[in-house]
Amino acid sequence: MKPLILAGAFGLSLLLSGCVISVDGHDGYQSDWQKQEKHNRKEVARLQPNLTTGEVMDRMGVADFSEFVKKGDDQYHVLYYRTQRMDDDGVTTKDECTPLVLKNDQLVGWGDSALGMLSQ
């Protein structure tokens with residue numbers, strides 16, 4: 001019985017010795033957040049003015065953050081999509097996102113300069 005157990009343990013160790021898992025982003029491994037950022041950057045680059053909120057969300061998916069502001073008769077919806085990593089803390093923050101600004105359900109701009117026009 002002992003030789004059978006030893007042979008099994010030896011065979012198992014040989015089988016497992018060839019297993020290597022890469023989790024540090026090298027050797028072609030790409031994490032979900034990296035894939036999402038790449039997708040978001042690609043889609044932001046393809047945006048065009050006057051898309052509706054629905055069209056933007058169809059392309060981009062659900063925003064990481066969303067804000068709504070009403071100024072006079074105009075309604076502004078700001079959608080934030082993660083496009084770059086700032087800190088390796090596992091938490092998405094607005095400074096890691098690109099804002100998309102929609103005025104009255106029409107895309108009027110994206111990026112920090114578009115967001116800045118809301119404070120004018």
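This is a predicted model: local features need pLDDT of at least 70, side-chain atom pairs count only at pLDDT 80 or more; totals for chains, interfaces and linings use all residues.
The strands form an open sheet of four members, arranged in the order β1-β2-β3-β4 with antiparallel pairing. Its edges are formed by β1 (65-71) and β4 (106-110), each of which pairs on one side only. On average, and ignoring direction, neighbouring strands of this sheet are turned by 25° against each other. Seven bridges join β1 to strand β2 (residues 74-82) in the antiparallel sense. S66 stands opposite L79 of β2. Helix α2 (residues 32-45) packs on the sheet, where it touches β2, β3 (97-103) and β4. The direction of α2 makes about 135° with that of β2.

Helix α3 (residues 53-60) also lies across β2, β3 and β4, but runs at about 5° to β2. The buried residues of this helix are T53, V56 and M60. These residues lie on the same side of α3, because they cover an arc of only 65° around the axis. Their packing partners are α2, β2, β3 and β4. Just after α3, G61 adopts a positive phi of about 90°.

Side chains of opposite charge can pair when their charged atoms come close. The model contains six salt bridges. One of these joins E37 to R82, with the closest N and O atoms 2.6 Å apart. This pair links distant parts of the chain, since E37 belongs to helix α2 and R82 to strand β2, 45 residues apart. Both E37 and R82 are buried.

A salt bridge is also formed between K103 and D74, whose closest N and O atoms are 3.7 Å apart. K103 lies in strand β3 and D74 in strand β2, and the pair therefore ties together parts that are 29 residues apart in sequence. K103 has a relative accessibility of 30% and so counts as partly exposed. D74 likewise counts as partly exposed, because its relative accessibility is 23%.

R82 takes part in a further salt bridge, with E96, at 3.8 Å from N to O. Here strand β2, which holds R82, is linked to the loop between β2 and β3, which holds E96; the two residues are 14 residues apart. R82 and E96 are both buried. Together with R41, the residues E37, R82 and E96 are linked in a network of salt bridges.

Key:
Residues are numbered from 1 along each chain as its sequence is written. Side-chain values use heavy atoms; hydrogens and water are left out. Two strands pair if DSSP finds at least two bridges between them. Axes are lines fitted to C-alpha atoms, for helices over the stretch in contact, and angles run from 0 to 180 degrees between N-to-C directions. Contact means heavy atoms within 4.5 Å. Buried means under 20% relative accessible area, exposed over 50%, partly exposed in between (1.4 Å probe, protein chains only). The arc is that of the directions from the helix axis to the C-beta atoms. A salt bridge is a side-chain nitrogen of Lys or Arg within 4 Å of a carboxyl oxygen of Asp or Glu.
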